[in-house]
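User: Please take a close look at how the aromatic side chains pair up, and then follow the loops and the packing around that theme. I'd like the cut-offs spelled out as you go.

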Amino acid sequence: MSDAEESNAEEEEIEQEEKSENEEQESKDEENPEEAEEEIREEIPLTDEIIAQSLSLLAKTGSGLAHAYVRLEASNRNLTDISRLEAFVHLRFIDLSNNRLRNVSSLQRLKFLLTLKLDFNELSAFDLPPFPYLQTLSLSNNRLRTITGIEQQRLESLNLNHNQIDSCTGLDQSKLPNLTSLELRENHINTTKGISLPGLKSLFVAANNITKLEDIENLSRLTTLHLRDNKLSNLDGFSSDMRQLQYINLRGNSTSEASELKKLAVLPMLRALVLLDTPLSESDSYRLDVLVTLDKLERLDKDQFTDEEKADAQDEQKRREATAEPDEGEGESKDDE
């Protein structure tokens with residue numbers, strides 16, 4: 001073999017080895033995407049320049065003798081480090097959504113916070129100590145697996161949509177006594193057991209794996225219950241103590257028996273119900289059957305009940321009651337037998 005041929009052979013062998021190494025590395029990256037991400041993760045801290053661009057709303061400080069900026073909006077910055085915020089103790093409104101934060105412990109000294117938005121980050125836990133004035137907390141689209149650790153005495157609105165939460169444990173009055181709105185859409189919850197929040201007014205748990213409604217009977221102030229796209233086949237769990245519940249969305253569940261609707265008759269204020277994409281909605285007499293069972297309803301799905309539908313339902317209800325009553329003669333005959 002000539003020197004030129006030997007050189008070409010060596011080059012081809014080196015190229016083949018490099019190709020194999022690249023393919024092997026790509027395969028490893030596909031198998032362990034998180035590890036690959038760790039290797040290429042670039043740290044991007046919150047700088048004074050970004051802070052200057054993000055601050056707004058000048059207001060008096062607590063003493064009333066000075067002024068400070070109280071709003072910071074630093075979303076969509078790919079930030080991984082916000083330790084610089086420790087010094088901004090007068091902030092009341094913070095939006096750090098759409099970043100890459102995994103640790104927000106730098107916020108714990110900001111005792112005047114009223115609103116905190118941390119949506120679309122990489123948080124696996126929220127274990128900050130209670131903020132004395134915090135009213136709104138939004139943690140959607142993170143990596144949270146548990147609610148444990150969220151303890152905020154003044155909090156009114158909590159958004160935990162699109163996480164990996166599989167239990168409602170921790171949602172009790174001692175930790176969240178003033179919560180009125182709770183959003184838990186698209187998590188991994190299979191039961192509402194653990195929700196003990198008597199002051200709750202709105203509960204959104206759509207797109208989970210819920211098969212059973214538990215611990216909701218004491219939610220006496222609840223007005224809105226959103227259960228769309230779960231796996232409910234029965235409607236157990238409601239009680240007459242839920243005196244203010246006006247709207248229930250059951251779209252996309254598995255409820256197939258019309259008799260299950262009778263379990264909603266205990267709700268004195270129920271006025272709107274959504275049952276689209278359930279087996280019940282496939283019946284030709286769907287709207288009539290629902291209104292006969294729940295005669296105080298004003299709207300089913302997207303449509304109000306018409307006066308004609310209400311009249312037909314009343315007639316049908318009377319007809320069914322008459323059919324259900326035994327004939328007096330038959331009753332006497334059976335007694336004689």
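Analyst: Happy to. There is one aromatic pair in this predicted model, where a pair means Phe, Tyr or Trp rings (the six-membered ring for Trp) with centres within 6.5 Å, called stacked if the planes are under 30 degrees apart, edge-to-face if over 60 and tilted otherwise. The partners are F112 and Y133, which are stacked, with 6.4 Å from centre to centre and 0° between the planes. F112 belongs to the loop between strand 3 (93-95) and strand 4 (115-117), while Y133 belongs to the loop between strand 4 and strand 5 (136-138), so the pair ties together parts that are 21 residues apart in sequence. Strands (E, at least two residues) and helices (H or I, at least four) are DSSP runs, numbered from the N terminus.

A note on the basis of all this: residues are numbered from 1 along each chain as its sequence is written, and side-chain values use heavy atoms, leaving out hydrogens and water. As the model is predicted, local features need pLDDT of at least 70 and side-chain atom pairs pLDDT 80 or more, while totals for chains, interfaces and linings use all residues.

How exposed are the two rings' residues? F112 is partly exposed at 26% relative accessibility, and Y133 is partly exposed too, at 38%. Here buried means under 20% relative accessible area, exposed over 50% and partly exposed in between, using a 1.4 Å probe on protein chains only.

Another ring has a charged neighbour. R71 sits over the face of F93, 4.7 Å from the ring centre; the test asks for Arg CZ or Lys NZ within 6 Å of that centre and within 35 degrees of the ring normal.

Back in the loop between strand 4 and strand 5, which holds Y133, you will also find F120. The backbone at F120 has a phi near 55°, positive in a residue that is not glycine. Most residues other than glycine have a negative phi. F120 is partly exposed, with a relative accessible area of 43%. D277 also has a positive phi without being glycine, with a value near 60°. You can look for D277 in the loop between strand 11 (272-274) and helix 4, where D277 counts as exposed at 51% relative accessible area.

The loop that holds D277 is also the place of L280. In contrast to D277, which is exposed, L280 is buried at 10% relative accessibility.

L85, in the loop between strand 2 (67-73) and strand 3, is buried at 0% relative accessibility. From L85 to Q108 the C-alpha to C-alpha distance is 9.9 Å, although the two are 23 residues apart in sequence. I150 comes from the loop between strand 5 and strand 6 (157-159) and is buried, with a relative accessible area of 2%. G170 and G194 are 24 residues apart in sequence, with 6.9 Å between their C-alpha atoms.

Finally, the packing. The largest nonpolar core has 75 residues, and the members that touch the most others are L96, L107, L184, F238, I248, L264 and L273. A core of this kind joins buried Ala, Val, Leu, Ile, Met, Phe, Trp, Tyr and Cys residues through side-chain atoms within 4.5 Å. Helix 3 (48-54) and helix 4 are the elements giving two or more residues to this core. Helix 4 contributes the most, with four residues.

To return to your theme, the stacked rings of F112 and Y133 belong to residues that are partly exposed, while F238 is one of the residues that touch the most other members of the largest nonpolar core.
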